[in-house]
Amino acid sequence: MKNIVVLISGSGSNLQAVIDACQQNRINGQVCAVLSNTANAYGLLRAKQADIPTHVISPKNYADRQTYDEALKHTIDQYQPDLLVLAGYMRILTPDFVQHYLGRLLNIHPSLLPKYPGLHTHRKAITNGDTEHGTSVHFVTEELDGGPVILQAKVPIFAGDQENEVVKRVQTQEHNIYPLVINWFIEGRLSMVNGKAYLDGKILPPEGYAAE
């Protein structure tokens, strides 16, 4: 059974999707620990309800990002993870941390990358009059939201949409595609080589996998 460690900062809706997929054998692995940088993250309760060990590592207790990430890495490595999953983890990772897990570190970002890296993606899409928005699963590299895209899901933006409506639409797709990509990795189908994502030995295009 492959081990998955998940990092969160908030409600943990994507964490819940991953836990559910493991329990339903849609991911051939187990979430063996959940770590948060905030003590009041609701995702910690989700993990506890599933009998998954949790850890809160507060940045307030560390002098800088480097020492914080070292402490984070020390805790993660106790679980010998095959895969590290970012699920709404709202901290920028240090280069040393990323290099330590390079090729086994995934993130889901609420935009159609490379469009709108960073924060407030839904607001930016609405403000700019976009009619299409979405989410991207990608390998994490040292470039913020810049690692190779594995899979994207698109959603429409309708005239008059409020931000929360777009958020719900995107999250529905996130909960579908993140467990799918995680299972690709767990089953050995997905890898990153020389900064490129490969599925079943074939290099993926810049926008990620697209069904023929």
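Tutor: Among contacts between residues at least 6 apart in sequence, 63% join residues at least 24 apart, and this holds for a model that is predicted. The chain contains six helices and ten strands. Its radius of gyration is 17 Å, close to the 17 Å that the globule rule gives for 212 residues, so the chain is as compact as a globular protein of that length. The C-alpha trace spans about 45 × 40 × 35 Å along its principal axes, and 49% of the 212 residues count as buried. The accessible surface comes to about 10500 Å², with 49% of that area belonging to carbon and sulfur atoms. As for charge, there are 18 positive and 21 negative side chains, and the centres of these two sets lie 2 Å apart.

Now to the part itself, which is the hairpin of β8 and β9. Strand β8 covers residues 190–193 and strand β9 covers residues 196–199; the two run antiparallel and are joined by four bridges. One of the pairings involves valine 193, whose bridge partner in β9 is lysine 196. Two residues lie between the strands of this hairpin, and asparagine 194 takes a positive phi there, near 50°.

In β8, Leu190 and Met192 make up the covered face, whereas Ser191 and Val193 make up the uncovered one.

For a point of reference elsewhere in the chain, consider another lysine, lysine 60, which is found in the loop between β3 (54–56) and α3 (65–77). Lysine 60 counts as exposed because its relative accessibility is 79%, and the cut-off for that term is over 50%. Asparagine 37 and lysine 60 are 23 residues apart in sequence, while their C-alpha atoms are 9.5 Å apart in space.

Technical notes: Residues are numbered from 1 along each chain as its sequence is written. This is a predicted model: local features need pLDDT of at least 70, side-chain atom pairs count only at pLDDT 80 or more; totals for chains, interfaces and linings use all residues. Side-chain values use heavy atoms; hydrogens and water are left out. Buried means under 20% relative accessible area, exposed over 50%, partly exposed in between (1.4 Å probe, protein chains only). Two strands pair if DSSP finds at least two bridges between them. The radius of gyration is taken over C-alpha atoms; the globule rule is 2.2 Å times the number of residues to the power 0.38. Contact means heavy atoms within 4.5 Å. Accessible areas come from the Shrake-Rupley method with a 1.4 Å probe; for residues, only the protein chains shown count as cover. Lys and Arg count as positive and Asp and Glu as negative; His and the chain ends are not counted. The place of a charge is taken as NZ of Lys, CZ of Arg, CG of Asp or CD of Glu.
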